[in-house]
Amino acid sequence: PERRTRGAAAPVAPPRPRRIPAPPKGVTLDSPLEKAGWINAAYLRSLKRLGLRTVRDLLYHFPRRYDDYTSLRPVHALMYGSTETIIATVEQVEQRRTSGGRTLISARVSDDTGAIEAVWFNQPFLLRSLKPGMRVVLSGRVDQFRGRLTLQSPEWEPYDEELIHTGRLVPVYPMGGDLRPRGMRRLLKRIVDQWAGRVPDPLPPEVRERAHLWELGRALRQIHFPDSQESLQQARHRLAFDEFLLIQLGVLQRKRDWQASPGHPLPLDRALLDRFRERLPFALTAAQG
């Protein structure tokens with residue numbers, strides 16, 4: 001990156017929280033996803049192939065892993081080979097062709113400590129999305145291009161709303177079909193914002209307190225978009241507790257059903273039993289007889 005005279009990035013105000021839209025009228029957790037009203041047909045087909053058919057199914061579709069983009073650094077401190085996040089201003093954006101015929105989008109971005117180039121291949125729509133003067137967050141691996149440090153194909157988003165693709169533990173979901181990582185995160189963020197706080201918590205407060213468990217809505221929010229590794233572990237702890245509790249309740253219910261079932265005596269053939277006992281090569285004890 002190009003270094004400037006000032007030694008540290010200026011502090012920036014945090015992004016504003018996203019506005020949480022209310023769920024559509026008449027829709028419940030067990031409503032089909034078609035009733036959500038804003039999921040396109042291609043995504044609905046792909047979600048169904050994953051077995052996700054209701055709002056509840058999607059809410060409980062947890063990430064398979066997380067990309068750690070929490071390391072926020074000024075531009076001048078970026079190091080080759082590391083995965084970092086920067087908050088910077090777009091200075092210029094251009095498109096050019098590589099020798100191999102691919103389209104390359106190059107954006108020069110800067111903070112108070114320096115400037116660096118971010119490059120993406122075969123994403124010409126970025127010419128419309130990235131504008132000079134725009135404040136952005138970029139997260140990705142620091143690489144080299146033409147002998148200079150660059151951010152190669154970083155995740156990015158405007159620094160004006162709550163971050164979901166950059167600058168945090170970023171969820172990576174099981175996907176297929178027409179689903180894409182950024183679209184899937186946007187979809188889950190809206191579902192979580194609308195519904196996590198509306199899931200009834202089956203555990204009474206005194207039970208949660210005794211077992212040191214989070215409230216269910218908080219656990220669902222943090223399992224999808226954790227604020228920290230500690231929050232992620234707390235969310236996993238609560239949801240694992242629920243899973244084991246349901247298994248245990250199921251076992252107890254089966255035991256109760258078995259115990260409540262009437263017994264059926266078997267008819268005894270005394271002559272057959274006597275012949276069997278006579279052929280044994282040993283004498284039965286009093287308890288066995």
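Modeller: The following account takes up the helix pair and then turns to the aromatic rings. The model is a predicted one. Two packed helices are described by the angle between their axes and the distance between the axes. Here the pair consists of helix α6, residues 216-224, and helix α7, residues 229-260. Their axes come within 8 Å and cross at roughly 125°. The crossing of α6 past α7 is left-handed. On the α6 side, the contact is made by Leu216, Ala219, Leu220, Gln222 and Ile223. On the α7 side, Ser231, Leu232, Ala235, Arg236, Arg238, Leu239 and Asp242 take part.

Turning to the rings, Arg218 lies over the face of Trp214, at 3.8 Å from the ring centre. A further charge is placed over a ring at Phe121, where the charged end of Arg102 sits 4.1 Å from the ring centre.

The structure also holds one aromatic pair. The ring centres of Tyr60 and Phe62 are 5.6 Å apart and the ring planes stand at 45°, so this pair is tilted. Both residues are partly exposed: Tyr60 has a relative accessible area of 33%, and Phe62 has one of 27%.

Methods:
Residues are numbered from 1 along each chain as its sequence is written. This is a predicted model: local features need pLDDT of at least 70, side-chain atom pairs count only at pLDDT 80 or more; totals for chains, interfaces and linings use all residues. Side-chain values use heavy atoms; hydrogens and water are left out. Rings of Phe, Tyr and Trp (its six-membered ring) pair if their centres lie within 6.5 Å; planes under 30 degrees apart count as stacked, over 60 as edge-to-face and the rest as tilted. Buried means under 20% relative accessible area, exposed over 50%, partly exposed in between (1.4 Å probe, protein chains only). A charge sits over a ring if NZ of Lys or CZ of Arg is within 6 Å of the ring centre and within 35 degrees of the ring normal. Axes are lines fitted to C-alpha atoms, for helices over the stretch in contact, and angles run from 0 to 180 degrees between N-to-C directions. Helices (H or I, at least four residues) and strands (E, at least two) are DSSP runs, numbered from the N terminus. A crossing is left-handed if the near helix is turned anticlockwise from the far one by less than a right angle, and right-handed if clockwise. Contact means heavy atoms within 4.5 Å.
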